[in-house]
Amino acid sequence: MNKQIRIAVAAAAALCLVIAAAAAGYYWLSSADEDAGALIGPAAGYDYQNFTYDKGLDANGHWTGVTALDYVTLPGDFAAIPLRKADVEPSEADIQSQWDSLLEANRVQQPVTGRAAEDGDIANIDYAGRVDGVAFTGGTAEGYDLTLGSGSFVDDFEEQIVGHQIGETFDVTVTFPDDYGDSTDEAGNVVTLSGKEAVFTVTLNSLAVSVLPEATDAWVEQNFGESNDLHTVAQVDQYFYDSLYDQNLTNAVVDYLTARSEVSSVPPSLIDYQVCSQLSYYQSYAAMFGYESLDEFLSGFLGYDDADALLKATGQDILTSCEQLLIFQAVAESLSLEPTDADLEVYAAYAESMGEGYVHLLALQDRVLATLRDSAQVS
């Protein structure tokens, strides 16, 4: 199996696409507004049902009709952002955290013999359950790996495996919770499980324990030599260092730029984009999960009373994202930046479904970040 090292840090893209539509009444908003959610207005003012990702974007990835430098005052040193080395370099603890995550993700099962099952073991079992002598759907399996003590099964099931030897067949008796759903028998008849006692005939096939691998050159070569061209512990250390440094540098550049830029106001088209993007995103999930309306999904799944409550709660985040998009375009305008062919190729697969404007927007964000990172003064 081709294994990949996964860095437990956020992706390097700092793009924050949200949504927006100042709908009927076109108004201007500033991040200084205390109640951004209220100023953004109700969801009914936004045509999110017809949202597309290239809405309001021109072929260059700029916001149509918007000159960002009319709204943004960039810091004087934005083209050579000064950063402290201590704020960018990853610590030994940061690198060790990456190792911990990597080893945890690559745990291996070590067979156990010569003793009875214990809490924490991975028990490979066959089981067949019956309620009132009737077998039911979902109550039978072969070769199932169950971690004892995980609480994966009905209460008292796992506890009754503890103490048994490999090769034993025995009965486990449990009682389903009162709110447990119904099942069916072989003929499709309903079998009530709620509050019922069930007897499972269990065979303990084998036992194993989950252990962390040891980080050695041989282990790195075996797992990441071909897939990642990493062959030694030292190379993985460097990989983690470089990845974390890269992410820290990106975050520091974005933080410096956004904290020191002044945004006088946000064009309605950006607000429209960000709001519609957010509502459209949740609308797609509402449809996927069979909810009749967006409000029903938000209430039942996310805990918001309705879409208006969502916008009120996330209003400041929406405005902050709009400001960041403006700031990035302002940098592109100031430095006459355009995405390279290589930048565009990264997102080419999105062109058909999301539009060329969206592809150029993403690629332009990457070009701005790359330029600011390369010119940053780290000392």
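Guide: Helices (H or I, at least four residues) are DSSP runs, numbered from the N terminus. An axis is a line fitted to C-alpha atoms, for helices over the stretch in contact, and angles run from 0 to 180 degrees between N-to-C directions. The model is predicted, so local features need pLDDT of at least 70 and side-chain atom pairs count only at pLDDT 80 or more, while totals for chains, interfaces and linings use all residues. Residues are numbered from 1 along each chain as its sequence is written, and side-chain values use heavy atoms, leaving out hydrogens and water.

Let us start with α5 and α8. Their axes come within 10 Å and cross at roughly 100°. The two helices are therefore roughly perpendicular to each other (65 to 115 degrees; under 35 is roughly parallel, over 145 roughly antiparallel, the rest oblique). On the α5 side, Val 254, Leu 257 and Thr 258 meet Gln 324, Ile 327, Phe 328 and Val 331 of α8 (contact means heavy atoms within 4.5 Å). By class, this contact of α5 with α8 has 5 nonpolar, 2 polar and no charged residues (Ala, Val, Leu, Ile, Met, Phe, Trp, Tyr, Cys and Pro are nonpolar, Asp, Glu, Lys and Arg charged, the others, Gly among them, polar).

Now follow α8 to another partner. Helix α8 spans residues 307-335, and it packs with α6, residues 268-288, at an angle of about 130°, the axes being 9 Å apart. The contact of α6 with α8 counts 13 nonpolar and 4 polar residues, with no charged ones.

Finally, go back to α5, residues 233-260, and find α3, residues 92-105: the axes of these two come within 10 Å and cross at roughly 115°. The crossing of α3 and α5 is right-handed. Asp 94, Ile 95, Gln 98, Trp 99 and Leu 102 of α3 touch Val 233, Val 236, Asp 237, Phe 240, Tyr 241 and Leu 244 of α5. Here the contact residues divide into 8 nonpolar, 1 polar and 2 charged.

Definitions and conventions: A crossing is left-handed if the near helix is turned anticlockwise from the far one by less than a right angle, and right-handed if clockwise.
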